[in-house]
Amino acid sequence: MRSHSLMEALESDLASSRAVCHEYAIALEAIMLRSIKRTLLWAGAALGIAALSLCALITWPEPLFAFSLGAGKIVVASDRPIPPGGGERFLRDCERLLERSPLKAEGRQYRLFVTNDDWRFYLLFFPRPERWGFAWYPGFRGHAFLSSADFDGGRVIHLGYVGTPPRTLAALCAHELTHVIAWEHIGLARLHVPQWVWEGFPDYVGIENRETFEQLRDALGERPVDTPMRVKYGFYPRYRLLVTYFLEKKGWSVDQLLQTRLTEDEATDIMRADGKN
Ligand SMILES: [Zn+2]
């Protein structure tokens, strides 16, 4: 009788300790979930603030650039002194390339920021430091950034690599500012512009001694785009070929070009079919 009641007592103790353990586990889980949620919230807020700060910095980068040159259509700012001779020649060359663009600049002045110092470059080019330059247009104050520059030589220097013609400093300037000018012209419709137009048109404007359609078509042949092809024919040779075809052979206006929704494959098929006729 006695042992029976002892067993019962032990069983009831066990049951109550199981219940306590269960409650303890639930409470621990709730605390952990709360702390994970709080950590995620803080991490999200910190990431959001970092992204907003970077956007603000890219939109108003002037405090990071102590030197500037130019009072005309283009103003170039840099984190290092700009040699007046080379700097002015660069501005003239870039402006001359832009003037031959079939898309006229609507803005009064365009700013270009050159990032020579590593920390400034990696900060502003985050998260894609492989770019030689990029354009920024948040709906106002459009401008462009270039990686390091040798103004006297007219060369762009990207992570120690010195660009050679046709990928000159002036060509890259005209390329990036053409992005800004196109962005100003079409606004949010930019989201629908196919990549071959978005990159081909700035190369069409920026490449100094650009080939005729036939010269470029024959030079590129059927080879896929690779580094030697880019070195010789610019940043986006195949896109430029398509843009040259539609502007010069099909007689498209720039607006037609910027409004097209043809994919690269569709545009290439039209160009090839034309060549066979
Ligand atoms: Zn581009």
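How many bridges join strand 7 to strand 8, and in which direction do the two run? I looked this up to begin with: two bridges join the pair, which run antiparallel.

Before going on, I note that this is a predicted model, in which local features need pLDDT of at least 70 and side-chain atom pairs count only at pLDDT 80 or more, while totals for chains, interfaces and linings use all residues. Residues are numbered from 1 along each chain as its sequence is written, and side-chain values use heavy atoms, with hydrogens and water left out.

**Entry 1**

The three strands make an open sheet in the order 6-7-8, with antiparallel pairing. Strand 6 (149-150) and strand 8 (161-162) are the edge strands, each pairing on one side only.

I then went through the partners. Strand 6 is joined to strand 7 (residues 155-158) by two bridges, and these strands run antiparallel; Ala149 stands opposite Val156, and Asp150 stands opposite Arg155. On the strand 8 side, His158 has Tyr161 as its bridge partner.

Both connections are hairpins. Four residues lie between strand 6 and strand 7, and Gly154 in that turn has a positive phi of about 70 degrees. Two residues lie between strand 7 and strand 8, where Leu159 in the turn has a positive phi of about 50 degrees.

For burial I used relative accessible area (buried under 20%, exposed over 50%, partly exposed in between, with a 1.4 Å probe and protein chains only). In a regular strand the side chains alternate between the two faces of the sheet.

**Entry 2: the zinc ion and its helices**

Which residues are the protein donors of the zinc ion? I found His175 (NE2), His179 (NE2) and Glu199 (OE), lying 2.1 to 2.2 Å from the ion, where donors are N, O and S atoms within 2.8 Å of the metal (3.2 Å for Na, K and Ca), and where sites may look incomplete since water is not among the atoms. The spacing of the donor residues in sequence is H-x3-H-x19-E. His175 lies in helix 4 (residues 169-186) and Glu199 in helix 5 (residues 195-206), so this pair ties together parts that are 24 residues apart in sequence. Both His175 and Glu199 are buried.

I next checked the two helices against the expected span, which is 1.5 Å times one less than the number of residues. Helix 4, with 18 residues, reaches 26 Å from its first C-alpha to its last, close to the 26 Å expected; 16 of its 18 residues are buried. Helix 5, with 12 residues, reaches 17 Å, close to the 16 Å expected. Since 11 of its 12 residues are buried, helix 5 is largely enclosed by the rest of the structure; among the buried ones are Trp196, Trp198, Phe201 and Tyr204.

**Entry 3: salt bridges**

With a salt bridge taken as a side-chain nitrogen of Lys or Arg within 4 Å of a carboxyl oxygen of Asp or Glu, the count comes to 11. In one of them Asp117 is paired with Arg80, the closest N and O atoms being 2.9 Å apart. Asp117 lies in the loop between strand 3 (110-114) and helix 3 (118-124), and Arg80 in the loop between strand 2 (74-78) and helix 2 (84-99), so the pair ties together parts that are 37 residues apart in sequence. Asp117 is partly exposed at 22% relative accessibility, and Arg80 is partly exposed at 40%.

Asp117 also meets Arg120 in a salt bridge (3.0 Å, N to O), and Arg120 counts as buried at 10%.

I also looked at Arg240 and Glu211, whose side chains meet in a salt bridge (2.9 Å, N to O). This pair links distant parts of the chain, with Arg240 in helix 8 (residues 237-249) and Glu211 in the loop between helix 5 and helix 6 (213-220), 29 residues apart. Arg240 is buried, with a relative accessible area of 1%, and Glu211 is buried at 19%. Elsewhere, salt bridges that share partners join Asp79, Arg80, Asp117 and Arg120 into one network.

Technical notes: Two strands pair if DSSP finds at least two bridges between them.
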